Amino acid sequence: MFNSVVESLAGVGRFSIDKLAGFGKASIVLFHALVVWPQFRTNTRLVINQLYSLGVKSLLIVAVSGLFIGMVLGLQGYTILVDFGSEQSVGQMVALSLVRELAPVVTALLFAGRAGSALTAEIGLMKATEQLASLEMIGVDPLRRIVAPRLWGGFICMPILSMIFAIVGVYGGALVSVEWLGVYSGSFWSVMQSAVDFYDDVLNGIIKAIVFGFVITWIAVYQGMESVPTSEGIAQATTRTVVYSSLMILALDFVLTALMFGGF
Amino acid sequence: MHARVTEVMVGFFVVCGILAGLALAVSVSGIAGGSKETYKVYAYFSNIGGLTEKAEVTMAGVQIGKVTNISLDPKRLVAKVEMSIFADVDFLSIDSSVQILTSGLLGGKYIGLASGAEDEMLKEGSVIVDSQSAFVLEELIGKFLFNKVGE
């Protein structure tokens, strides 16, 4: 009886120490990759390559999702608002929900699935084939050479992708409600403009996107570095990246929304 | 060659991002108000009842401008509303009247403008004298109750 209590207590202790140690290691990775940053010339090249593989290749999926989500918002908003005779407000509804919530969150979820998983698999495979160890052997810091450009690429990509998502979505909503359903375009845009504030809504949305980009790439890179160097281990690490990033995005979104719009 | 393609695509991506940011600023949040040329006219209201900046100014339901500034006139103690009317709408006579209206049942407030009969036209800086304030439900109910008690 007594032994099983001690055993379960030890289990809780082991779990906490593991998690704390993991968080500590992840912070050390982040600190080293970001603070040690002297080689601008070579690293700019590497960041550009990462911008290509993380950002440009995610552009299509983000733009297409944005278009469809904006169109669905336009359609749904119109069918509800037309009952109250205030279908002019559909622009306000589409723009506010996109700019504040949907653009950062959906872009981040897509980015975690599209780019975060790829980052983890890439770094995990580098670790499994001992490329990271070889880099260290020839005197190149893998944190600086491999991890730092990926982190910077992720931070820069996410706000850009989120802004593209938002604007494509707004025009998708305008297409459905103004062109197809016949909402008067003058009211559509002016009601939207009087409701959306640049600093309170648009900038806060961009801040959310930056925070999400930071969290996703951090999780992805750390999971890659810490993966068990087998095919199964990489598979698990990739799954964990997507699951952890998605949970973190949704939880952080609540916290950020409460801070930005909750009136605290 | 491959590096060149990457650079071009990244440049395209970043330019897309900047354009998206500008579009969000201008057409979604209306921060710069667009490039359409306008002239300013003013009107005084005893109560604007929820009218906001960037609300539309319409004539016969068609947008002809928007509200650009709302302030309190310190001498007359009424609201002073600045409206930017599109420059191509230059046929509004000086005795036009303005009215604060609500779009639909739940919609936002906007200004409805009806032109008068004078030959002189509104121009930059004109003041519209004939203005009708917003319809405020509480005032109306108050008046109704007052009349009921009086009976």
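In the predicted model, chain B forms an open sheet of 8 strands in the order E7-E1-E4-E3-E2-E6-E5-E8, with mixed pairing; strands are DSSP runs of E with at least two residues, helices are runs of H or I with at least four, and both are numbered from the N terminus. Two strands are taken to pair if DSSP finds at least two bridges between them. The edges of the sheet are strand E7 (126-128) and strand E8 (130-132) of chain B, each of which pairs on one side only. From one strand to the next the twist averages 30°. Strand E1 (residues 38-45) and strand E4 (residues 78-86) of chain B run antiparallel and are joined by 8 bridges. Within this pair, B:Val41 stands opposite B:Met83 in E4(B).

Helix H6 (residues 185-195) of chain A packs on the sheet, where it touches strand E2 (56-59) and E3 of chain B. The direction of H6 of chain A makes about 30° with that of E3(B); axes are lines fitted to C-alpha atoms, for helices over the stretch in contact, and angles run from 0 to 180 degrees between N-to-C directions.

This is a predicted model, in which local features need pLDDT of at least 70 and side-chain atom pairs count only at pLDDT 80 or more, while totals for chains, interfaces and linings use all residues. Residues are numbered from 1 along each chain as its sequence is written, and chains are lettered from A and ligands numbered from 1 in the order in which they are written.

Between the two chains, 32 residues of chain B are in contact with 33 residues of chain A (contact: C-beta atoms, placed from the backbone, within 7 Å). On the side of chain B that touches chain A, helix H1 (2-28) and strand E3 (62-73) each supply at least two residues, and H1(B) gives the most, with 15 residues. This side of chain B divides into 15 nonpolar, 12 polar and 5 charged residues. Ala, Val, Leu, Ile, Met, Phe, Trp, Tyr, Cys and Pro count as nonpolar, Asp, Glu, Lys and Arg as charged, and the others, Gly among them, as polar.

Within chain A, helix H3 (residues 90-128) and helix H7 (residues 198-226) pack at an angle of about 15°, with their axes 8 Å apart. H3(A) is therefore roughly parallel to H7(A) (angles under 35 degrees). The contact of H3(A) with H7(A) has 17 nonpolar, 9 polar and 5 charged residues. Just after H3(A), A:Glu130 takes a positive phi of about 60°.

Note on methods: Angles under 35 degrees count as roughly parallel, over 145 as roughly antiparallel, 65 to 115 as roughly perpendicular and the rest as oblique.
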